[in-house]
Amino acid sequence: MNRPPPGPTLPEELLLLALDPLRGTPYCRNRILEYALAGAALAELELQGRVTGQRDEIQVVNPLEPPDPILAALMRSLTAPGKGRSGVPAQGWVRRAGQPAGGMYLEAAVQRGVLLRETRRFLGLVPYHRHPAGPQSYAVHVRERYAAAERAGLPDHRSRALASLVAAAGLDRHVPGAGLASRSATRSLVHERWPAHAVYRNVRRDATDQSGRRAGGMTTSSGGE
């Protein structure tokens, strides 16, 4: 079994938990996965002591860029101490950064052989990608470690941060764990961890927008009868 590189980041772990290793498709909608990866980047930056979240705003407390190039690129979009406003709204940043974060993490995983990239065509016309496990994948290790952390009651900050993001994206039904009681416990973490809460608020906003569009369509259809 391939082992992960030293110290895989939270977004790297979350990406492997979120993808079906055989089919290469996420267990959630692509947009939700993007939100979750952006939130995971914030959680990783917080664990490294570079940012904090107060009143749902991201505060940069250590402007020194991390060695990880993706985290460094994402951190540049945050307001540094003494520049402009005091902080960046977490929900809005997750929404804006989701797509670039998702693209960067997928591309990096493909480049390292952790994931493969297969191009398919919807109805034979519209191209889309699948990302099954690659020859250097360590997805099994990540899933085993996540399951062990859940069985141990999420004993450290990193495991709680990852669990809160898994729950915020609705992935808790698809990753190994300790059953319904464990899922209930991880979902309570969403409101305690500000990066996960920012992800959850965007997921809820999308769900509300979709419900509104469906209701509007039904009203228009009914009105035309």
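Start with helix α5, residues 139-151. The expected span is 1.5 Å times one less than the number of residues. Helices here are DSSP runs of H or I with at least four residues, and strands are runs of E with at least two, numbered from the N terminus.

This is a predicted model: local features need pLDDT of at least 70, side-chain atom pairs count only at pLDDT 80 or more, and totals for chains, interfaces and linings use all residues. Residues are numbered from 1 along each chain as its sequence is written, and side-chain values use heavy atoms, leaving out hydrogens and water.

Which residues of α5 are buried? Among them are His141, Arg143, Tyr146 and Glu150. Buried means under 20% relative accessible area, exposed means over 50%, and partly exposed is in between (1.4 Å probe, protein chains only).

Now leave the helix. Gly153 follows α5, with a positive phi near 85°. Leu154 has a positive phi too, about 55°, although it is not a glycine. Most residues other than glycine have a negative phi. Leu154 sits in the loop between α5 and α6 (157-168). Its relative accessibility is 9%, so Leu154 counts as buried.

Another loop joins the picture. Thr25 lies between α1 (10-18) and α2 (30-47). Thr25 counts as buried because its relative accessibility is 19%. Leaving aside residues up to four places away in sequence, Thr25 touches Ala18, Leu19, Asp20 and Arg130. Contact means heavy atoms within 4.5 Å.

Finally, look at Tyr128 in strand β5 (residues 126-130). Tyr128 is partly exposed, at 33% relative accessible area.
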